[in-house]
Amino acid sequence: MNVSHATVHPAEDPPTTDGANAPMVRMKDMEGMPGTRGGLALRFFQFLFAAAALVVMATTSDFPSVTAFCYLVAAAGLQSLWSLFLAFIDIYALLVKRSLQNCRIVSLFTIGDGITSTLTFAAACASAGITVLIDNDIGSCSENHCVQFETATAMAFISWFTALPSFFMNFWSLASR
C-alpha cells in the first residue's frame with residue numbers, strides 16, 4: 001500500500017495567540033450586501049413594490065376612513081423612500097468601486113432595514129386583517145375597493161419579503177465583525 005506521509009516544516013515565527021494583534025480576515029462582499037449589484041437589485045425591488053402599494057392604496061377614495069390603510073400608506077411611503085435612498089448609495093458605491101462595509105454604515109443600514117421592514121410587515125398584516133373583515137365577514141366588497149386593498153396589501157407583503165434579505169445580510173455582516 002502506497003500512502004503519502006505528511007511533512008511538517010517548522011515555522012520560524014510562531015503565530016501569536018493574542019487576539020489584538022491577529023490579522024483581520026475580511027470576507028468577500030456577498031451579492032445582496034450594500035454596494036453590490038445584488039444589493040442594488042434588492043433595493044430596486046423593495047422600492048418598486050413599496051411604491052406600488054403606496055400608489056394603489058392612495059388612489060382609492062375611501063382609504064383614509066380606515067386607520068390600517070393609512071398606516072399602510074405611511075409605511076409604504078417610508079419603505080420606498082428608504083429603499084430609493086439606499087439604491088442611490090449602492091449606485092454610487094458601484095460607480096466608484098467602493099465597499100460599503102464600514103461598521104457605522106452597516107449599523108445604520110441594519111437598523112434602518114429592521115425598522116422599515118417591521119413597519120411594512122405590521123402595516124401589511126393590519127391591512128390584510130381589515131381586507132378579510134370587509135370581504136369575508138361583512139361581505140361589503142361591492143361598496144368598497146376590495147381588489148385595490150388586496151393588491152396594495154400584497155405589494156406591501158412582497159416589499160417586506162424583498163427587504164428581509166437586505167436586513168439579514170446586513171445583520172450577519174455586523175454580527176460577524
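This is a predicted model: local features need pLDDT of at least 70, side-chain atom pairs count only at pLDDT 80 or more; totals for chains, interfaces and linings use all residues.

Trainee: Does S127 count as buried or exposed?

Mentor: Buried means under 20% relative accessible area. The relative accessibility of S127 is 0%, and therefore S127 counts as buried.

Trainee: Which residues does S127 touch, leaving out those up to four places away in sequence?

Mentor: The test for contact is heavy atoms within 4.5 Å. Once residues up to four places away in sequence are set aside, the residues that S127 touches are A68, F69, L72 and T153.

Trainee: G129 is also found in helix 3; what is its relative accessible area?

Mentor: Helix 3, where G129 is found, covers residues 103-138. Partly exposed is the class between buried, under 20%, and exposed, over 50%. G129 is partly exposed because its relative accessible area is 40%.

Trainee: What distance separates the C-alpha atoms of G129 and A68?

Mentor: A68 is one of the residues that S127 touches. Along the chain G129 and A68 are 61 residues apart, while the separation of their C-alpha atoms is 8.8 Å.

Trainee: What is the overall pattern of the chain, read along the sequence?

Mentor: The chain has four helices and zero strands. Read along the sequence, this gives the pattern α-α-α-α.

Trainee: How much helix is there in residues 71-96, a span that UniProt lists as a transmembrane region in an unreviewed entry?

Mentor: The UniProt record places this feature at residues 40-59, 71-96, 108-134 and 154-175. For residues 40-59, the end C-alpha atoms lie 28 Å apart and the span is 95% helix. For residues 71-96, the end C-alpha atoms lie 38 Å apart, with 0% strand and a helix content of 96%.

Trainee: Is L95 buried or exposed?

Mentor: L95 has its place in helix 2, residues 67-95. Exposed means over 50% relative accessible area. Since L95 has 67% relative accessibility, L95 counts as exposed.

Trainee: Where does S166 lie, and what is its relative accessibility?

Mentor: S166 lies in helix 4, residues 146-175. Leaving aside neighbours within four places in sequence, S166 is in contact with L42, R43, Q46 and D113. S166 counts as buried because its relative accessibility is 2%.

Trainee: Which residues line the largest cavity?

Mentor: The structure holds one cavity of 30 Å³ or more, and the volume of the largest cavity is about 30 Å³. Helix 1 (37-58) and helix 4 each supply at least two residues of its lining, which divides into two nonpolar, four polar and two charged residues. The lining residues are G32, M33, P34, G39, R43, D90, S166 and N170.

Notes: Residues are numbered from 1 along each chain as its sequence is written. Side-chain values use heavy atoms; hydrogens and water are left out. UniProt positions are given in the numbering used here, feature names are shortened, and annotations may be inferred rather than shown by experiment. Buried means under 20% relative accessible area, exposed over 50%, partly exposed in between (1.4 Å probe, protein chains only). On a 1 Å grid over the protein atoms alone, a cavity is a set of points where a 1.4 Å probe fits but cannot get out, and a pocket is an open set with protein on both sides within 12 Å along at least five of seven lines; lining residues have an atom within 4 Å of a point. Grid points are joined across faces, edges and corners, and a volume is the space filled by probe spheres set on the points. Ala, Val, Leu, Ile, Met, Phe, Trp, Tyr, Cys and Pro count as nonpolar, Asp, Glu, Lys and Arg as charged, and the others, Gly among them, as polar.
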